[in-house]
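Here is a short report on one protein model. It covers a strand and its partners, then the ligand and the domains.

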Amino acid sequence: NDGEVKDQEFKVGIDTTYPPFEYEENGTRKGIDIDLITEIAKKEGFKIKFEPMDFNGIIPAMQANQLDMAIAGMSITKDRKKVVDFSDPYFKAGATLVVSKKNNSIKSTDDLKGKSIAVKKGTTGAKIAEDLAKKYDAKVVQFNDSPSMFQEVANGSSDVLIEDYPVVAYAIAKKDLGLKIVGDRLNGDEYGMAVLKGKNETLLKSINKGLADLKKSGKYDEIVNKYLKK
Ligand code: GLN
């Protein structure tokens, strides 16, 4: 795949629903990830085709050559770097604990003894939950997408969930989900766009160049503010 990127079409893996990064509203695809990669593609002269899927399926789909790249609120991690190459970081996120509004007993990770923690499969949040579960004898319950996980805690089936702060803050601001954010940030995750390791150097270079251009021109801020400014 490592030729010219100009005029080529790339399949871009995105999470099924992950506002404000990727989501559908009135039949239109929206979000920071969507707008960023769309603008980068326009600048760099390549085409993109979005392929929404469960977050957990994205890296396997890249490895199976069903995707050329991914932009999915995906955190840059050491483990993932074994199989993908990341672009320069484009967003600082960080995971947080979230409980039902009615819950006043869980205020930090110290309160997780014997609790059930809802997570989304394959995420950095799921990894944190596994470690917390060992430490506090808690139970981890896995979901394929964020809305199901939110629902689980809102209806009291699980005690707490772990999600990236900007995602849950956005969801709560949009709609009363019966949820609230508690405690400190659990990691300092930064998002990167991913291509399959060692195979797409040209595409990655082009992505990084496009991203740098968007930052320089103010377009990056314009996109982020469009979704995150009150
Ligand atoms: N940032 C988290 C991760 O990379 C969650 C991503 C997501 O749920 N789309 O694991």
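## Strand 11 and its partners

Strand 8 (residues 95-100) runs antiparallel to strand 11, joined by five bridges. Strands are DSSP runs of E, at least two residues long, numbered from the N terminus. Two strands pair if DSSP finds at least two bridges between them. Val98 stands opposite Leu161 in strand 11. Strand 9 (residues 116-120) pairs with strand 11 in the parallel sense, over two bridges. Here Ile117 stands opposite Val160.

Strand 11 spans residues 160-164, and five of its five residues are buried. Buried takes 20 or more other C-beta atoms, placed from the backbone, within 10 Å of the residue's own. Val160, Ile162 and Asp164 point one way; Leu161 and Glu163 point the other way.

## Basis of the model

The model is predicted: local features need pLDDT of at least 70, side-chain atom pairs count only at pLDDT 80 or more, and totals for chains, interfaces and linings use all residues. Residue numbers start from 1 along each chain as its sequence is written.

## Ligand shell

The ligand is surrounded by 13 residues; the closest are Asp15, Gly73, Ser75, Thr123 and Thr124. A residue counts as near if its C-beta atom, placed from the backbone, lies within 6 Å of the molecule. The ligand lies between domain 1 (9-92 + 191-228) and domain 2 (95-182), because both give residues to its shell. These bounds come from an automatic or database domain assignment.

## Domain contact

The C-alpha centres of the two domains lie 25 Å apart. Eleven residues of domain 1 are in contact with 14 residues of domain 2, with contact meaning C-beta atoms, placed from the backbone, within 7 Å.

Notes
A residue is buried if 20 or more other C-beta atoms lie within 10 Å of its own, exposed if 12 or fewer, and partly exposed in between; C-beta atoms are placed from the backbone. Helices (H or I, at least four residues) and strands (E, at least two) are DSSP runs, numbered from the N terminus. Two residues are in contact if their C-beta atoms, placed from the backbone, lie within 7 Å.
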